[in-house]
Amino acid sequence: MWNDEITLIKRIENGYDELKQPVFDERETKILCKVRSTTRAEFYQAQAEQADLRPSKVVTVHTYEYQDEELAIFLGKRYKVTRTYEVDVNEMELTLEEVL
């Protein structure tokens, strides 16, 4: 069921600071999603691929609502989108890693 809400965050470069480093604004979009826990296989596969990757949630969103956002907020915690998987034409799974 599509009864959970997630905020997807797109970082947009908005000029440079006095040290010539890029400055980013964040555009937030709230959408509905379906949530499931990561499987043991997904967890250990991530461990094998990259030692510091710890997937903690997998959410399904409508494909047309996902616009390559890199960050998300779910239940008050901030996450990084580490992987996307298009389930079908209408749905996409996002694997999220908690940002500390």
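1. The model is predicted, with a mean pLDDT of 86 for the protein. A value of 70 or more is reached by 82% of the residues. Confidence is highest in strand S4, at 96, and lowest in helix H1 (residues 40-49), where the mean is 53. Where pLDDT is low, the predicted coordinates should not be read in detail.

2. The largest nonpolar core comprises 14 residues. Those with the most contacts inside this core are Ile-6, Leu-8, Val-59, Val-61, Tyr-66, Leu-94 and Leu-96. Two or more residues come from each of the strands S1 (4-16), S2 (22-36), S3 (55-62), S4 (71-74), S5 (77-86) and S6 (91-98). The most is given by S6, with three residues.

3. Leaving aside residues up to four places away in sequence, Ile-6 touches Thr-29, Lys-30, Ile-31, Cys-33, Val-59, Ala-72, Ile-73, Phe-74 and Leu-96. Among these contacts, Val-59 and Leu-96 also belong to the residues with the most contacts inside the core.

4. Concerning aromatic rings, a search of the whole structure returns zero aromatic pairs. The charged end of Arg-11, however, sits over the ring of Phe-24, at 4.1 Å from the ring centre.

5. Three salt bridges are present in the structure. One of them joins the side chains of Glu-26 and Arg-78, with an N to O distance of 2.6 Å. This pair links distant parts of the chain, since Glu-26 lies in strand S2 and Arg-78 in strand S5, 52 residues apart. Glu-26 is partly exposed, with a relative accessible area of 40%, and Arg-78 is likewise partly exposed, at 30%.

6. A salt bridge also connects Glu-91 with Lys-34, their closest N and O atoms being 3.4 Å apart. Glu-91 is in strand S6 and Lys-34 in strand S2, so that distant parts of the chain, 57 residues apart, are linked. Is Glu-91 buried or exposed? Its relative accessibility is 18%, and Glu-91 therefore counts as buried, the cut-off being under 20%. Lys-34, at 24%, counts as partly exposed.

7. Arg-36 and Glu-93 form a salt bridge in which the closest N and O atoms are 3.5 Å apart. Here Arg-36 belongs to strand S2 and Glu-93 to strand S6, and the pair links distant parts of the chain, 57 residues apart. Arg-36 counts as partly exposed at 30% relative accessibility, whereas Glu-93 counts as buried at 16%.

Note on methods. Residues are numbered from 1 along each chain as its sequence is written. This is a predicted model: local features need pLDDT of at least 70, side-chain atom pairs count only at pLDDT 80 or more; totals for chains, interfaces and linings use all residues. Side-chain values use heavy atoms; hydrogens and water are left out. A nonpolar core is a set of buried Ala, Val, Leu, Ile, Met, Phe, Trp, Tyr and Cys residues joined through side-chain atoms within 4.5 Å. Buried means under 20% relative accessible area, exposed over 50%, partly exposed in between (1.4 Å probe, protein chains only). Helices (H or I, at least four residues) and strands (E, at least two) are DSSP runs, numbered from the N terminus. Contact means heavy atoms within 4.5 Å. pLDDT is the predictor's confidence in each residue, from 0 to 100. Rings of Phe, Tyr and Trp (its six-membered ring) pair if their centres lie within 6.5 Å; planes under 30 degrees apart count as stacked, over 60 as edge-to-face and the rest as tilted. A charge sits over a ring if NZ of Lys or CZ of Arg is within 6 Å of the ring centre and within 35 degrees of the ring normal. A salt bridge is a side-chain nitrogen of Lys or Arg within 4 Å of a carboxyl oxygen of Asp or Glu.
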